Amino acid sequence: TQRSLVAVILLTIFLMAPSGGLGSSIVNLLQAFPDRYDVVAILVDKRVYADAGNYSGFRSDYPILRATTLAARIDRYAEDVQNTLPATRALIMQVDPQERPENIMKALERLYFEGDPDQGSSVSKLAGVVLIGEVPLPVVNKSGSRFISMFPYTDFDDKVYSFDPKS
């Protein structure tokens, strides 16, 4: 279909764009978005998204679930996010499990402060982050204690953590 062709073309463009190794695609490309909207970044382990296996899952209990591949189900989840949250765009970002957490943090911080790069004429801001699969998490330091945390992926104003990739 035309929608699939547009999605493949845009996915290819995003994968080729310099983004610190993060590939991304936007779900529901043909939907019009308002001048102001929120972005939900869905970070997906690229191996999970590329898995072409068929998984029947809950199909016998929920016949509406037609998709059997993980990528199709993740796309459906992203569409559900957009349909449930008004004025929200879901951005699927494929992440290599070996990606450096600081690259992921920088990409999300850019989405938070600069908005959706695909919509230059609109005002958008990162409003949420969802992780699927083995997405690298950073180790943070707060008050001398080190621990794994999502804070670097969500806390950009008045940061409450100390994140230094060298330490």
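Salt bridges, defined as a side-chain nitrogen of Lys or Arg within 4 Å of a carboxyl oxygen of Asp or Glu, number 5 by this rule. The structure is a predicted model, in which local features need pLDDT of at least 70, side-chain atom pairs count only at pLDDT 80 or more, and totals for chains, interfaces and linings use all residues. Residues are numbered from 1 along each chain as its sequence is written, and side-chain values use heavy atoms, with hydrogens and water left out.

One of the salt bridges is formed between the side chains of Asp45 and Arg47, with an N to O distance of 3.0 Å. Accessibility was classed as buried (under 20% relative accessible area), exposed (over 50%) or partly exposed (in between), with a 1.4 Å probe and protein chains only. Asp45 is buried, because its relative accessibility is 2%, whereas Arg47, at 47%, is partly exposed. Arg47 also forms a salt bridge with Glu134, and the closest N and O atoms of this pair are 3.7 Å apart. The pair links distant parts of the chain, 87 residues apart: Arg47 belongs to helix H2 (residues 46-50), and Glu134 to the loop between strand E4 (123-132) and strand E5 (139-142). Helices (H or I, at least four residues) and strands (E, at least two) are DSSP runs numbered from the N terminus. Glu134 has a relative accessible area of 54% and is therefore exposed.

A further salt bridge joins Arg100 and Glu102, where the closest N and O atoms are 2.3 Å apart. Arg100 is partly exposed at 49% relative accessibility, while Glu102 is buried at 8%.

Together with Val139, Ile148 and Met150, Leu137 makes a nonpolar surface patch of about 310 Å². Patches consist of residues with over 30% relative accessible area and no salt bridge, like charges being joined within 9 Å and nonpolar side chains (Val, Leu, Ile, Met, Phe, Trp, Tyr) within 5 Å. Accessible areas come from the Shrake-Rupley method with a 1.4 Å probe, and for residues only the protein chains shown count as cover.

Glu79 is located in helix H3 (residues 70-84) and is partly exposed, at 25% relative accessibility. The C-alpha atoms of Glu79 and Leu91 are 9.9 Å apart in space, and the two residues are 12 residues apart in sequence.
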